[in-house]
Each structure stands twice: as C-alpha cells, then as structure tokens.
Amino acid sequence: LALIAAVGLRCGLSLLVPAKWWGRVAVLLTVMAIGTLEIDYYFNQHLPLYNHHFREVQDFRDAQDAVIRSLNFPSGTHIHVISENPPAPDYAAGLLTFMRGDMVFHDLRPSDVTPDYLNGLDKNIDHAFFVEPENYTSVSALNEQFYLLPPALSPYPDVALDKQFMLYYAPDLPDL
C-alpha cells in the first residue's frame, strides 16, 4: 500500500511540480507517514486486541505465557505442562521451538504424572513444571522426586489468574 501510494504521488507530483526534489520529498514524507500509521495501528490497536481475544476465548490455561516464561531457562531444560485440559501441543511446542530450539516441550495430563514417569526423567537436567494451581496431587508427586524452587505465577499482569500455570522449577543440582 505504501509503495503504491508513493508511486502514485511521485508520478502525480512530477506532472504538477516540475522540480524533481519536491516529488522525492513528497514521496519520502508519504512513505514515512503511512509507515508510522501502520506501526501505530499494529502495536497500539491490533496487538492488544489480539492478545485479549486470544486469551479470553481459549478454554485452557495460557501455554503461550508458560513458553514466554521459559525463555530464560538454561539450555536443555525440559518444559512440562500438566493440565486436565492441555493446550494445543503443536502450538506451544512450535512456539518454544521457534523461540528456543534447545528445549523440549511435554504436555501431560495429571494422570500421566506417575512415579514411573517421574523416575524416567533425567535428573541431570533442569525441568520446569507448569501445573494448574489446584493440582495438588501432581505437585506432591513432583516434590517426592525433585528439589523444587518455590512456586511462581506469571510476572505479566495481562495474564488473568485463572489462565495462569503455577511454575515449579527443578534445577539440576549435581551435589544432591
């Protein structure tokens, strides 16, 4: 759109104003104005509305928030999302792979968090468990197998409490 407007202005102004530099200035100003308006629309109108709509209509907790909260974890960390109504695994895993290709994503139901499953996890790497806050059974099972840091909610204020996962981080502690 900006290019079409610029070409139209350049050609139109060259017919009206014989000086070449006026046409170039007009094209530059038009492209800058359209670009500024597009950036303003995207970040100040479209993106907030998209985020609000995306979080309100989904019937599961916010896996996108869990992925974003995982970005500063050490390389090789395994991300486990434990939920009765798990988020779309392809979306969350794809987002994590796109942003950090060196992590592994697992989506689980609470019934999957068994002693056998937890015993099979590599204890020599970091694990981040994102658990629904009311899922005490899974948290208890995790506490039996791992040293967990204190639980944490999302630091982002735009994620509603009923959409957040509680984070239980199990760092690799070779001395324990």
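The questions below go from the overall fold to single residues of this predicted model.

User: How many helices and strands does the protein have, and which pattern do they follow along the sequence?

Analyst: The model is predicted. Its secondary structure comes to 6 helices and 4 strands. Read along the sequence, these elements give the pattern α-α-α-β-α-β-α-β-α-β.

User: What share of the contacts with a separation of 6 or more comes from residues 24 or more positions apart?

Analyst: The protein has 176 residues, of which 35% count as buried. Among contacts with a separation of 6 or more, the part that joins residues 24 or more positions apart is 73%.

User: Which residues does Phe73 contact, leaving aside neighbours within four places in sequence?

Analyst: With neighbours within four places set aside, its contacts are Ile79, Arg100, Met103, Ala128, Phe130, Leu167 and Tyr169.

User: How many aromatic pairs are there, and what is the angle between the planes of Phe73 and Tyr169?

Analyst: The count comes to 3 aromatic pairs. One of them joins Phe73 and Tyr169, with 4.7 Å centre to centre, and the pair is tilted, with an angle between the planes of 45°.

User: Where do Phe73 and Tyr169 sit, and how many residues apart are they?

Analyst: The pair links distant parts of the chain, with Phe73 in the loop between α3 and β1 and Tyr169 in strand β4.

User: What is the distance, centre to centre, between Phe129 and Phe146?

Analyst: Phe129 lies in strand β3 and Phe146 in the loop between α6 (136-145) and β4, 17 residues apart. Phe129 is buried, and so is Phe146. The two form a tilted aromatic pair with 55° between the planes, and the distance centre to centre is 5.2 Å.

User: Which residues does Ser70 touch, not counting residues up to four places away in sequence?

Analyst: Ser70 lies in the loop between α3 and β1. Ser70 is buried, because its relative accessible area is 0% and the cut-off is under 20%. Not counting residues up to four places away in sequence, Ser70 touches Ile79, Arg100, Met103 and Phe130.

User: Is Val131 buried or exposed, and what separates its C-alpha atom from that of Tyr168?

Analyst: Val131 is in strand β3. With a relative accessible area of 0%, Val131 is buried. Residues it touches include Ile82, Ser138, Leu142 and Tyr168. Tyr168 is 37 residues away along the chain, and the C-alpha atoms are separated by 7.5 Å.

User: Which residues does Ser138 touch beyond four places in sequence?

Analyst: Ser138 is in helix α6 and is buried, with a relative accessible area of 2%. Its C-alpha atom is 6.3 Å from that of Val113, 25 residues apart along the chain. The residues touched by Ser138 are Ile82, Pro110, Val113 and Val131.

User: Thr30 and Glu56 are both in helix α2; which is buried and which is exposed?

Analyst: Helix α2 covers residues 20-57. Thr30 has 19% relative accessibility, so Thr30 counts as buried. Glu56 has a relative accessible area of 51%, and the exposed residue is therefore Glu56.

User: What is the volume of the largest pocket?

Analyst: The largest pocket is lined by 13 residues, including Lys123, Phe146 and Tyr147 among those nearest its centre. By class, the lining has 8 nonpolar, 3 polar and 2 charged residues. The volume of the largest pocket is about 170 Å³.

Conventions:
Residues are numbered from 1 along each chain as its sequence is written. This is a predicted model: local features need pLDDT of at least 70, side-chain atom pairs count only at pLDDT 80 or more; totals for chains, interfaces and linings use all residues. Side-chain values use heavy atoms; hydrogens and water are left out. Contact means heavy atoms within 4.5 Å. Helices (H or I, at least four residues) and strands (E, at least two) are DSSP runs, numbered from the N terminus. Buried means under 20% relative accessible area, exposed over 50%, partly exposed in between (1.4 Å probe, protein chains only). On a 1 Å grid over the protein atoms alone, a cavity is a set of points where a 1.4 Å probe fits but cannot get out, and a pocket is an open set with protein on both sides within 12 Å along at least five of seven lines; lining residues have an atom within 4 Å of a point. Grid points are joined across faces, edges and corners, and a volume is the space filled by probe spheres set on the points. Ala, Val, Leu, Ile, Met, Phe, Trp, Tyr, Cys and Pro count as nonpolar, Asp, Glu, Lys and Arg as charged, and the others, Gly among them, as polar. Rings of Phe, Tyr and Trp (its six-membered ring) pair if their centres lie within 6.5 Å; planes under 30 degrees apart count as stacked, over 60 as edge-to-face and the rest as tilted.
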